Amino acid sequence: MFHLVLNLVLSASLFRAVLLSIIVFLLAKLFLFKSYSLPLPPGPFGVPILGFLPFLGKDIHLTLTDLSTKYGPIYQIFLGSKRVVVINDAKIIKEAFRLPAFSGRPDTELTRILQGYGIVNTDGALWKEQRAFLHSVLRKLGAKSVTLGRDCLEHKIRSQVRELLNDLSNTNGQSVRLRPFLACAVSNVIGSLLMSMTFKSSDNKFRRIIELMEEGFRLFAVAMPVNFFPLLRYMPLVSYAYEKMKANREETSHYFTEIVDEHRKSLCENNVRDFVDAYLVQHERIKQSGQPSFFSEKQLIQVMNDIFSAGLENVTSTVEWAVLFLMLNPDVQRKVYDEIELVIGTEREPELADLESMPYTEATFWEVLRRSNIVALGNAHCTLDDSTLAGFSIPATTHILPNLYAINMSPDLWENPENFVPERFLQNGQVCKPDYFIPFSVGRRMCLGDVLTKMEVFLFLTSLLQKFSLQIPDQEKPPQVASIVSASMSPKPFKVCLVPRCL
Ligand code: HEM
């Protein structure tokens with residue numbers, strides 16, 4: 001009897017062990033040894049479980065660019081168990097990003113904080129509908145063309161330029177950190193476009209929102225490893241950044257919800273004042289028609305978060321970088337000023353219409369974007385299906401990183417890429433942008449704020465230079481061209497002397 005029971009137990013265990021082995025084998029075959037029509041991209045080995053994560057270093061863009069010299073324009077690494085394909089070549093990025101299969105966004109611990117709302121970190125039908133709507137509203141508000149329908153937007157930017165110049169004139173030529181002044185002016189441009197709101201830099205609530213937005217970019221860089229190894233969420237520093245991101249998002253969402261409630265009270269379908277109005281009107285129309293859609297209040301709040309943070313951080317950093325480069329390169333500053341004198345003069349305010357007659361200034365704008373590498377690794381995409389690219393198989397759910405830094409700093413594409421030389425964007429006195437220069441990315445998910453950025457940077461920069469010469473503070477060493485590495489690269493804090501031109 002005892003033997004019979006023992007045999008039964010043993011054979012049951014044996015059966016379970018065999019079954020388990022078969023399942024493990026099938027799963028491994030499915031996920032690891034799946035055969036593809038083409039080879040997978042080459043790439044370095046990492047360590048078990050963590051993959052290449054421990055070797056990324058602090059300056060991830062530099063590590064990834066180094067790897068491209070060994071593994072070529074497209075290679076793969078594993079971060080944790082996640083396959084990440086890094087593309088270091090503009091042609092291949094363009095080939096990929098025009099395909100629907102490459103238009104996804106990774107589903108990660110950090111994007112899950114956003115609960116599937118917004119535009120920047122969503123994909124599929126929700127993203128398609130909401131991106132198309134944002135695009136159409138930005139066009140109507142004049143933010144998608146430097147020439148068409150831009151009057152109202154130009155008026156908004158120019159009124160912020162005046163405020164900025166006024167605030168700066170009180171600095172009396174002393175050395176200042178420009179960032180807080182710029183952040184206030186730039187956020188007022190996006191604030192008026194989005195929700196018809198402008199603030200004084202002394203407004204505490206507003207200062208808090210700017211702080212939260214700026215902190216969000218820094219926290220992202222600290223918490224990013226949890227996307228690839230979720231257990232890191234329990235490491236003190238990462239866990240702090242992760243929890244802080246969640247809390248900050250709740251705080252900004254609460255703030256934006258109050259603004260939406262105010263808009264609802266004064267909403268008038270025939271007088272759409274800003275993006276929030278446009279969204280509420282369209283939401284109501286869709287509700288009336290009974291059509292299925294992704295319009296919702298939560299979605300609106302996250303889109304406001306998305307646009308406000310993209311519009312604030314990247315544009316502020318671009319103007320700040322421009323000031324740094326012009327201060328360090330007085331010959332370039334002189335040439336931009338000469339163009340201002342020639343086309344605009346010293347009295348009249350700069351206008352967007354001047355841009356087409358100022359190729360050197362436009363070339364300087366493009367060189368600032370190239371050399372500063374504000375969005376060094378773009379935004380990660382994710383493959384929605386198994387696909388192929390540049391002779392390689394790319395499995396579904398692979399993270400795709402466009403290494404814009406590698407393109408912008410490639411010595412094969414640019415002579416002395418470290419140097420700040422606007423002339424590289426000029427040919428016979430005309431602006432000439434090479435096809436491989438893609439600071440706003442390309443394809444289906446290309447940045448929606450490219451034209452707005454160009455308008456803002458042009459007006460802020462020319463107006464600053466018209467009134468002030470930008471100088472390194474006396475008895476200080478020239479600041480270094482060094483970035484704070486986060487989701488978007490801003491220059492390390494520096495001071496500038498704004499010396500009034502009329503003195
Ligand atoms: C210097 C300024 C800026 C730079 C360098 C920049 C760059 C980028 C890049 C590289 C992407 C990722 C595209 C991709 O996934 O392939 C992006 C996405 C985006 N940007 Fe910008 N951006 C800037 C300013 C702005 C501004 C002012 C806005 C405000 C409207 C904005 C709105 C967006 C949005 C909504 C997306 C997400 C598009 C999508 O996922 O479909 N950006 N930007």
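## The ligand shell

In this predicted model, two helices, α11 (297–328) and α15 (450–467), each contribute at least two residues to the shell around the ligand. The largest share, seven residues, comes from α11.

In total, 26 residues surround the ligand, and the closest are Ala 310, Asn 314, Ser 441, Cys 447 and Gly 449. Sorted by class, the shell contains 14 nonpolar, nine polar and three charged residues.

## Cys 447

Cys 447, one of the closest residues to the ligand, is listed by UniProt under "binding site" in an unreviewed entry. Cys 447 is located in the loop that runs between β9 (430–431) and α15.

Cys 447 counts as partly exposed because it has 19 C-beta neighbours inside 10 Å, whereas a buried residue needs 20 or more. When residues up to four places away in sequence are not counted, Cys 447 touches Phe 440 and Ser 441. Ser 441 is also among the residues closest to the ligand.

In soluble globular proteins, nonpolar side chains tend to be buried together. The largest nonpolar core of this model comprises 110 residues, and those with the most contacts inside it are Leu 194, Ala 322, Val 323 and Phe 460. Helix α11 gives the most to this core, with 17 residues; α11 also supplies the largest share of the ligand shell.

Leaving aside neighbours within four places in sequence, Leu 194 is in contact with Asp 274, Phe 275, Val 276, Met 304, Ile 307 and Phe 308. A second, separate core has eight residues, including Leu 219, Ala 223, Leu 232 and Ala 241.

Definitions and conventions:
Residues are numbered from 1 along each chain as its sequence is written. This is a predicted model: local features need pLDDT of at least 70, side-chain atom pairs count only at pLDDT 80 or more; totals for chains, interfaces and linings use all residues. A residue is near a molecule or strand if its C-beta atom, placed from the backbone, lies within 6 Å of it. Helices (H or I, at least four residues) and strands (E, at least two) are DSSP runs, numbered from the N terminus. Ala, Val, Leu, Ile, Met, Phe, Trp, Tyr, Cys and Pro count as nonpolar, Asp, Glu, Lys and Arg as charged, and the others, Gly among them, as polar. A nonpolar core is a set of buried Ala, Val, Leu, Ile, Met, Phe, Trp, Tyr and Cys residues joined through C-beta atoms within 7 Å. A residue is buried if 20 or more other C-beta atoms lie within 10 Å of its own, exposed if 12 or fewer, and partly exposed in between; C-beta atoms are placed from the backbone. Two residues are in contact if their C-beta atoms, placed from the backbone, lie within 7 Å. UniProt positions are given in the numbering used here, feature names are shortened, and annotations may be inferred rather than shown by experiment.
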